[in-house]
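Welcome! Have the sequence and the 3D view open side by side, and let us take a short tour together.

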Amino acid sequence: MADDKLTKIISLCKRRGFIFGGSQIYGGLSSIWDYGPLGVNLKKKIKDIWWKEYVENRNDIVGLDSSIIMSEGVFLASGHLKGFSDLLVDCASCGKRFRLDMIEKVSDNVYKCPECKKEIDTEKNPPRKFNLMFKTNMSASEDNPYYGYLRPETAQGIFVNFSNVLNTTRKKLPLGIAQIGKAFRNEVTTGSFIFRMKEFEQMEIEYFVRPEKGDEFYKYWVKERYDFYLNSIGLSRESLRLREHSQEELAHYAKACTDIEFNFPFGWSELEGIANRGDYDLTKHAHESGKDLSYFDQKTKEKIVPYVIEPSAGVDRTFFAVISDAFCQEEVKGRERTVLKLKPHLAPHQVAIFPLLKKNHDIVKLAKNIFYDIKSKLPASYDDTASIGKLYRRQDEVGTPFCVTVDVDSLGDKKVTVRNRDSMAQDRISIDKVFDFISDQLDKQ
Ligand code: GAP
């Protein structure tokens, strides 16, 4: 059933222009995905909500857009060069490669190949460490290379700019630096759609605080970020839960960490991690770079290395959660209807306008006039490329909350039919009241 839901979501995303396979006409690239016209629209809405809430609406957080390629020193300091690796094992029977922690253990040292189901004996075929970072030659010559790395998290760009931001903004602690951007990890994955990608986007805040305030702000951010998914994104409460990491599970840099988990089609998995990273990052970068990354507290006249609380969210996973939560199939008059019950503020289009008869010039003209008028106020689309039943089905599948149909009667009575996506109720509304009617209904949802 869960697999079935995942397959249906992937199919809908491809069919309706949310997400396409990367480099598809050349056979595709594993775990690389492209966002289509509707996908990029929804993805932008998610990022805009986050940015507005944390950067534009607050005075304690500033924005940053740091580079994707970073120097080797950054990742020597952060520990990624040494420790950011997966243990991989090859199946001697089918030749496929897997993450050891993701395959079924049969007995001591023996695992089951998820592909060909044969046994993988790790005594004969020991697992090997594989660093997840993409390394790239930045020299103009192949003979004399020097290397940069595609960042595996946006966080490092924030740490290396900590004193730049501090010196230019003159802000005091607590101070957050927020960034939305691409991150890259050479993940070895099997069919998790956009859950685990090699190229993905993160929305991260590094929130710098006085060390003694670390625990208090860690708790604050766990609640704040959970509420964000519930209230600002609108995910359902029963699809969300918090999971605190045990001491054994904590990353080397973390003093504490809580995951916000979402019930994806394949089960509960991490949507976001909130970590108390202590002074690990600033201390390591200060040591590696030889630069002073401390903070001078004007009030107490002391130099301190701030602690950092990090709410680290994935744009793609939030997108996946939104689609998964909204995906719905229901029976209507003996037929199955697929509908994305997206919250209106996330729907790529809030209204779609159709002429019932596309050969009637007067109807088309009126429909286009209504479309251009509404489009200047609400995200809207116009479609006349199919029968009315098909047009409704298309809009249901992409989550458009309202459809407006212009018919022959509209020419005389100056009214149109407004159909509600969820209830499928149809109301006959005066053309000059359509925008107010829809805005009113959107406000109520
Ligand atoms: N700076 C901390 C950090 O990067 P993480 O738990 O590795 O922590 C944070 O990543 C978030 O980034 C995850 O919760 C997830 O939403 C997203 N993420 C991580 N790896 C991803 C991948 N391969 N594909 C898609 N999203 C990913």
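This is a predicted model: local features need pLDDT of at least 70, side-chain atom pairs count only at pLDDT 80 or more; totals for chains, interfaces and linings use all residues.

- Domain 1 is made of two stretches, 2–84 and 153–323, while domain 2 covers 349–444.
- On the domain 1 side, 6 residues take part in the contact, and domain 2 brings 5 residues to it.
- The size of an interface is often given as the accessible area lost when the parts come together.
- For domain 1 and domain 2, about 530 Å² is buried between them, and 54% of that area lies on carbon and sulfur atoms.
- How many salt bridges are found across the interface of domain 1 and domain 2? The rule finds 2 of them there.

**Salt bridges**

- Side chains of opposite charge can pair when their charged atoms come close.
- In the structure there are 38 salt bridges.
- Another pair is R16 with E397, where 2.7 Å separates the closest N and O atoms.

**The second largest pocket**

- Rolling a probe the size of a water molecule over the atoms shows where empty space is left.
- The second largest pocket has a volume of about 340 Å³.
- Its lining consists of 13 residues, and those nearest the centre of the pocket are V332, R337, R393, R419 and M424.
- Which helix gives the largest share of this lining? Helix 11 does, with 5 residues.
- Strand 22 (335–340) and helix 11 (388–398) each supply at least two residues of the lining.
- Sorted by type, the lining of the second largest pocket has 7 charged, 4 nonpolar and 2 polar residues.

**Loops worth a visit**

- T189 is found in the loop between strand 13 and strand 14.
- Leaving out residues up to four places away in sequence, T189 touches S31 and R196.
- T189 and Y229 are 40 residues apart along the chain, and their C-alpha atoms are separated by 26 Å.
- Is the peptide bond from L173 to P174 cis or trans? This bond is cis, with omega near -5 degrees.
- P174 lies in the loop that runs between helix 6 (162–169) and strand 13 (175–184).
- S23 belongs to the loop between strand 1 (19–21) and strand 2 (33–35).
- The phi angle of S23 is near 50 degrees, a positive value in a residue other than glycine.

Notes:
Residues are numbered from 1 along each chain as its sequence is written. Side-chain values use heavy atoms; hydrogens and water are left out. On a 1 Å grid over the protein atoms alone, a cavity is a set of points where a 1.4 Å probe fits but cannot get out, and a pocket is an open set with protein on both sides within 12 Å along at least five of seven lines; lining residues have an atom within 4 Å of a point. Grid points are joined across faces, edges and corners, and a volume is the space filled by probe spheres set on the points. Helices (H or I, at least four residues) and strands (E, at least two) are DSSP runs, numbered from the N terminus. Ala, Val, Leu, Ile, Met, Phe, Trp, Tyr, Cys and Pro count as nonpolar, Asp, Glu, Lys and Arg as charged, and the others, Gly among them, as polar. Domain bounds come from an automatic or database domain assignment. Contact means heavy atoms within 4.5 Å. Buried area is the accessible area (1.4 Å probe) that two parts lose on being put together, summed over both. A salt bridge is a side-chain nitrogen of Lys or Arg within 4 Å of a carboxyl oxygen of Asp or Glu.
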